[in-house]
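Please work through each task before reading its solution.

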Amino acid sequence: MKKQLLMISFFMAIGVIAAAQSKSKSKAVPKAKTETKAMASKNNNSSLRAYSKGDNLLNVGIGIGSPFFGSGYSSSLPVNPSVSFEKGITEEISVGGQVAYASSKYNVDLPGANYSFKQNAFYIGARGSYHLNEIFKLDPKFDVYGGASLGYVIASVSNNQGFNGTTGSGVGFGLFAGGKYYFSNNTSLFAELGYQSLAVVNVGIAFKL
């Protein structure tokens, strides 16, 4: 009888220990999973950046307020279309190119004299930007940058007297400051202020390709 009681006590003790170990493991697993999820979430958040090395950035916009044409001219187009592309070569610097177009006209309407003069300008050049996100520790949705551009302006003129030709062409240099707001992972709205690409203000939509 004593032997049987000892055996029963022994198996009951083993059962209690096994149950305790099982309970301990069941508590530890969710904690490990929670910690793993938290670490993954933290890593994902830290990897989210509006700009990073290797990004392919495409800006499609319109320019407002062209300083290229003199006083007395009026715009043939209400805005100046512009397209630029940049590649991220470091975590702060991106380089690429830009094209833009602007057109204006000058009219003289006097008694006995009707004269119109039209001028077109096409800009093609290189540009580079320095991104300030890490310096200012900005929210990942925002990209703030400044940069410079250097290119060539091809100008052509025509009038109602039958003249067509090229004149006023030359090197175009610009400085600008800009910002983007990403409303999705790869799409943002942008605005740039400065003398560049035939306009003092450029606004539009930008994409990460």
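A charge sits over a ring if NZ of Lys or CZ of Arg is within 6 Å of the ring centre and within 35 degrees of the ring normal. The model is predicted: local features need pLDDT of at least 70, side-chain atom pairs count only at pLDDT 80 or more, and totals for chains, interfaces and linings use all residues. Residues are numbered from 1 along each chain as its sequence is written, and side-chain values use heavy atoms, with hydrogens and water left out.

**Exercise 1. The surroundings of K208**

Task: Determine over which ring the charged end of K208 sits, and which residue meets the side chain of K208 in a salt bridge.

Solution. 
- Step 1. The ring is that of Y182, and the charged end of K208 is 5.0 Å from its centre.
- Step 2. A salt bridge requires a side-chain nitrogen of Lys or Arg within 4 Å of a carboxyl oxygen of Asp or Glu. K208 meets D55 in such a bridge, at 3.6 Å from N to O.
- Step 3. K208 belongs to strand β10 (residues 199–208), while D55 is in the loop between α1 and β1, 153 residues apart, so that the pair links distant parts of the chain. Helices (H or I, at least four residues) and strands (E, at least two) are DSSP runs, numbered from the N terminus.
- Step 4. K208 and D55 are both buried, a class that means under 20% relative accessible area, with exposed over 50% and partly exposed in between (1.4 Å probe, protein chains only).

**Exercise 2. Further salt bridges**

Solution. 
- Step 1. R49 is in the loop between α1 (2–47) and β1 (56–64), and E91 is in the loop between β3 (80–88) and β4, 42 residues apart.
- Step 2. R127 and E192 are both buried. Through shared partners, salt bridges also join R49, E91 and E134 into one network.

**Exercise 3. Aromatic pairs**

Task: Classify the pair of F142 and Y181 and the pair of Y145 and F176 by ring geometry.

Solution. 
- Step 1. Rings of Phe, Tyr and Trp (its six-membered ring) pair if their centres lie within 6.5 Å; planes under 30 degrees apart count as stacked, over 60 as edge-to-face and the rest as tilted. The count by this rule is two aromatic pairs.
- Step 2. For F142 and Y181, the centres are 5.2 Å apart and the planes stand at 50°, which makes the pair tilted.
- Step 3. Because F142 lies in strand β6 (residues 142–159) and Y181 in strand β8 (residues 170–182), this pair ties together parts that are 39 residues apart in sequence. F142 is partly exposed at 39% relative accessibility, and Y181 is partly exposed at 34%.
- Step 4. The ring centres of Y145 and F176 are 6.5 Å apart and the planes are at 75°, so this pair is edge-to-face. Y145 in strand β6 and F176 in strand β8 are 31 residues apart.
- Step 5. Y145 is buried at 3% relative accessible area, and F176 is buried at 6%.

**Exercise 4. A loop residue**

Task: Find where K137 is placed, and decide whether K137 is buried or exposed.

Solution. 
- Step 1. K137 is in the loop between α2 and β6.
- Step 2. With a relative accessible area of 69%, K137 is exposed.
- Step 3. The backbone of K137 has a positive phi of about 50°, although K137 is not a glycine. Most residues other than glycine have a negative phi.

**Exercise 5. The contacts of T187**

Task: Identify which residues T187 touches, not counting residues up to four places away in sequence.

Solution. 
- Step 1. Contact means heavy atoms within 4.5 Å. T187 touches Y181, Y182, I205, A206 and F207.
- Step 2. T187 is found in strand β9 (residues 187–196) and is buried, at 17% relative accessibility.
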